[in-house]
Amino acid sequence: MPLQQPPRNPIARVLPYLLTIIITLAIVALFDLGFRSRTLLDRQTPESGSVLFYDAPPEDLRAEEGVDPQAFPGPPGDRLDPAPGIPHTSETAEPDPDADRRTPTDPAPAPLAGAGLDADERNTIRIYEAVNRSVVNISTSATVRGLFQDTEVSGSGSGFVINNQGHILTNHHVVEGAEVVQVGLFDGSVLDARVVGVDPSNDVAVLRAIAPPVSLIPIALGESRNLKVGQKVLAVGNPFGLERTLTTGIISSLDRSLESKNGRSIRGIIQTDASINPGNSGGPLLNNRGEVIGMNTAIYSRVGQSSGIGFAVPISTIKRVLKPLIEQGYVERATLGIARVYALDEGLLVLGVEAGGPADQAGIRSLRIQYLRDGPFVRAQIDPASADVILAVNGVAVPSVGELLTEVESYQPGETITVTVLRDGVAEDVQVRLGRTIIR
């Protein structure tokens, strides 16, 4: 009679598989938690060994670097400005050489107005005292869903009041993905705010907070069209959570380009050597009249702190989108109606166009598929010669997708532009009437 195998325990049979699944899930959960628990504002773009920092570091940086918080004495919240409505004099008086010989009944001499301060210092003080109460501290938080548990993440930045209705300008990346947004005003009040509108292409966002008019002190918006390299500028913000900090510098360069989070290029960027650190994002860049000429948005640094290269979105760019952001919450932009392109050395190969869109109606050709009969079979193959290669828009070369989008979106929907394409080895101009799209 053959030997019978004793029945195996079913639990012992599946136990190795269960252990493998549990270990795998644990590893995935740990990786997911570590990846997702970065702060909302920890988004970086590496470039040549340096990093383009858009925003805030971990919250308690001073404690992390061993700096005693007591080394920063001051009123609650690090608010160093005078109370509203109370006259404040920033000039220092000359020392009294007769103080030792004067009796207690002798009157002390009156301080000399402006003694020890030159005209530039007095102007800087005047500007700060006029505008610092318009700058707000923005705090954001959100819940990141994990595999086994949720993680609360937070971030911070700056902003500034632009009208008595409580509208506040800041960067889009400061509030991107936030579920809760709060603003801290100069008087110590902390208010809930809601996002009214965003323009990711220019890294601009508009918030609104409801507050008494006495707490809302709008800042003056200037112009950025006639700026000069070497012109003095002032930056006010909340670096590392230190509220309404002032730094000064000059305009180092103009007309820089900066890639936004959605791949578009922000043109006309102002470069400055005024110290801008994480937490300054969304704060104003001022001229020597105290008018806003730009909004601080990024720094170029190897260590995540100021290295003398900061960037600001020009106020002229912000003004163009401010009204639609407040009124409708978004900005309508022009679109070419091209779905996909592929970058070649010559230009951008059109892989697909939106059916019935502007490019399709203008006759711009996309990649086509040829069907060839091979005996009883039919083969499909791509015909690369069937597609146009986009070379330029209104004479401006567009070798990349970002440059194409930026150039097209510099025009208004409904305008007609000239698109130069390479077709059958010959450059041709195609007239395209632009459509409209909304980027949120």
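Reader: Hey, which residue does Lys-232 form a salt bridge with?

Author: Lys-232 pairs with Asp-120, and their closest N and O atoms are 2.8 Å apart. Keep in mind that this is a predicted model.

Reader: Where do those two sit in the chain?

Author: Lys-232 is in strand β9 and Asp-120 is in helix α3, so the pair links distant parts of the chain, 112 residues apart.

Reader: And is Asp-120 buried, exposed or partly exposed?

Author: Partly exposed, because its relative accessible area is 42%.

Reader: How many salt bridges turn up in the whole structure?

Author: A search of the whole structure gives ten. One of them joins the side chains of Glu-332 and Arg-436, at 2.7 Å from N to O. Glu-332 belongs to strand β15 and Arg-436 to strand β24 (residues 435-438), so this pair ties together parts that are 104 residues apart in sequence.

Reader: How exposed are Glu-332 and Arg-436?

Author: Glu-332 is partly exposed, with a relative accessible area of 33%. Arg-436 counts as exposed because its value is 53%.

Reader: What about Glu-291, which partner does its side chain meet in a salt bridge?

Author: That would be Arg-289, at 3.3 Å from N to O. Glu-291 is partly exposed at 23% relative accessibility, while Arg-289 is exposed at 55%.

Reader: Which residues are linked in a network of salt bridges?

Author: Glu-223, Arg-225 and Lys-319 are linked that way.

Reader: OK, switching to the inside. How many residues does the largest nonpolar core have?

Author: It has 27 residues, and Phe-160, Leu-169, Leu-286 and Ile-318 are the ones with the most contacts inside it. Several elements each supply at least two residues of this core, including α3 (119-131), β8 (204-209), β9 (232-237) and β11 (265-272). The largest share comes from α5, with five residues.

Reader: New topic: His-167. Buried or exposed?

Author: Buried, because its relative accessible area is 9% and the cut-off for buried is under 20%. His-167 is in strand β5 (residues 167-170).

Reader: What does its side chain make a polar contact with?

Author: The side chain of His-167 makes a polar contact with the side chain of Asn-163, at 3.0 Å. Setting aside neighbours within four places in sequence, His-167 is in contact with residues including Phe-160, Val-196, Leu-207 and Ile-326. Phe-160 is one of the residues with the most contacts inside the largest core.

Reader: And Leu-191, where does that lie?

Author: Leu-191 lies in strand β7 (residues 190-199). Leu-191 counts as buried because its relative accessible area is 18%. Ala-211 is 20 residues away from Leu-191 in sequence, with 7.7 Å between their C-alpha atoms. Ala-211 is also among the contacts of Leu-191, as are Val-181, Leu-185 and Ile-210.

Reader: Which residues form a nonpolar patch on the surface?

Author: Leu-15, Leu-18, Leu-19 and Ile-22 do, with about 380 Å² of accessible area together. Leu-18 is in helix α1 (residues 10-36), and Leu-18 is partly exposed at 46% relative accessibility.

Reader: Last one: how many helices and strands does the chain have?

Author: Seven helices and 24 strands. Of the 440 residues in the chain, 42% are buried.

Technical notes: Residues are numbered from 1 along each chain as its sequence is written. This is a predicted model: local features need pLDDT of at least 70, side-chain atom pairs count only at pLDDT 80 or more; totals for chains, interfaces and linings use all residues. Side-chain values use heavy atoms; hydrogens and water are left out. Patches are made of residues with over 30% relative accessible area and no salt bridge: like charges are joined within 9 Å, nonpolar side chains (Val, Leu, Ile, Met, Phe, Trp, Tyr) within 5 Å. Accessible areas come from the Shrake-Rupley method with a 1.4 Å probe; for residues, only the protein chains shown count as cover. A salt bridge is a side-chain nitrogen of Lys or Arg within 4 Å of a carboxyl oxygen of Asp or Glu. Helices (H or I, at least four residues) and strands (E, at least two) are DSSP runs, numbered from the N terminus. Buried means under 20% relative accessible area, exposed over 50%, partly exposed in between (1.4 Å probe, protein chains only). A polar contact is a pair of N or O atoms within 3.5 Å; within protein, one must be able to donate a hydrogen and the other to accept it, and residues adjacent in sequence count only if both atoms are side-chain atoms. Contact means heavy atoms within 4.5 Å. A nonpolar core is a set of buried Ala, Val, Leu, Ile, Met, Phe, Trp, Tyr and Cys residues joined through side-chain atoms within 4.5 Å.
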